[in-house]
Amino acid sequence: MTKIISKGLRFFLFLSIGLIILWWLYKDQDPQKLTDILKKDVGYGWIFLSLVMGLLSHISRTIRWQMLIEPVEKRPGLLNTFLAVMIGYLANLAIPRMGEISRCAVLSRYEKSSFSRLVGTVVTERVLDMIMLLLSLVLVVILQYGVFVDVVKNKIKLTRISDFLSSWEFYISVVLLAALIVLFRKKIVGGKIFLKLKELWAKFKEGLFSYRNVKNKPMFFIHTILIFVLYFLMIYVCFFGFPFTRHLGPGAGLAVFVLGSFGMVAPVQGGIGPWHFLVISTLLFFGVEGTQAAAFALLVHGSLNGMIVVTGLLSLIAIPLVNKSKTVK
């Protein structure tokens, strides 16, 4: 019961933060102007193409995950892996970062794989994704230096974090934690919990470094690059669906994609609020009018997350059906 209450509180807390940011962004917008843009100015064929790109990126991620799992477990079926990935995305819309655990739990159940090893492979995925995002950021800094400086300097406030990390409270907390570990190290190391964690860590580490034993490394890295190319195209093709972004080039699309991605990293369901904030801020820099930028962010975010909801729910329904012949405990 306590866990259910805790998860419920986390859900409403994160959602509230996102909705407050969203309300602040849209409170001064003219609803009629937004409606007119969405009704009259949008080429919805481009939005549909964006969803196709998104779906292809999920398929590419599925194949790459299969390749990571294969060295430490038997290679899971493509359909089960894809359905688990989509269920994971759906779970992230409920509780941020829950998707990584959820997809491992689903695949472990239906493919009889080690949950700990699967989590290790997901960590490898996340490390690779972060590297690709940072490389994309470097590319934005090179190609769109003015945009990056404007958004980071004037829009993102990091002072509270830096103040805390340099405060005496932080250093005292670190020292106290270290002292407790030293004082009780024998009890900690000899305890059942530690031994269990050690066993889990061995399987986790095996999954974490599974990329070393990937059979087809060139194809693995092609998929790693392809995922981010498709992510970029997922945003960029939407530019052609709006008359006020159609003239913007790939550089602007890359800036919107990368800075928006940092909004998705925020611990808010589906990046709602932070993603809109960063995308709107970036489009404003490129000369897009406020209501137009708000309409772009609203439709693109809504359509992409709508696809996640639909495919995630369908995956939840489908996975027990496609595994009906198997004995699932």
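Helix 6 passes helix 12 in a right-handed crossing, the near helix being turned clockwise from the far one by less than a right angle. The axes of helix 6 (residues 115-143) and helix 12 (residues 217-239) come within 10 Å and cross at roughly 55 degrees. That angle makes helix 6 oblique to helix 12; under 35 degrees counts as roughly parallel, over 145 as roughly antiparallel, 65 to 115 as roughly perpendicular and the rest as oblique. Axes are lines fitted to C-alpha atoms over the stretch in contact, with angles from 0 to 180 degrees between N-to-C directions. Helices are DSSP runs (H or I, at least four residues) numbered from the N terminus.

On the helix 6 side, L128, D129, M132, L133 and S136 make the contact (heavy atoms within 4.5 Å), and on the helix 12 side F220, T224, I225 and F228. These residues divide into 6 nonpolar, 2 polar and 1 charged. Ala, Val, Leu, Ile, Met, Phe, Trp, Tyr, Cys and Pro count as nonpolar, Asp, Glu, Lys and Arg as charged, and the others, Gly among them, as polar.

The model is predicted: local features need pLDDT of at least 70 and side-chain atom pairs pLDDT 80 or more, while totals for chains, interfaces and linings use all residues. Residues are numbered from 1 along each chain as its sequence is written, and side-chain values use heavy atoms, without hydrogens and water.

The table sets out the two spaces.

| Space | Volume | Lining by class |
|---|---|---|
| Largest pocket | about 900 Å³ | 19 nonpolar, 8 polar, 5 charged residues |
| Largest cavity | about 50 Å³ | 2 nonpolar, 3 polar, 4 charged residues |

On a 1 Å grid over the protein atoms alone, a cavity is a set of points where a 1.4 Å probe fits but cannot get out, and a pocket is an open set with protein on both sides within 12 Å along at least five of seven lines; lining residues have an atom within 4 Å of a point. Points are joined across faces, edges and corners, and a volume is the space filled by probe spheres set on them.

Of the 32 residues lining the largest pocket, Y89, Y231, S261, M264 and V265 are closest to its centre. Helix 13 supplies the largest share of this lining, 6 residues. Helices 6 and 12 are among the elements that each supply at least two.

The structure holds 1 cavity of 30 Å³ or more. R61, V85, G88, Y89, N92, G99, E100, R103 and R126 line the largest cavity. Helix 4 gives the most to this lining, with 4 residues.
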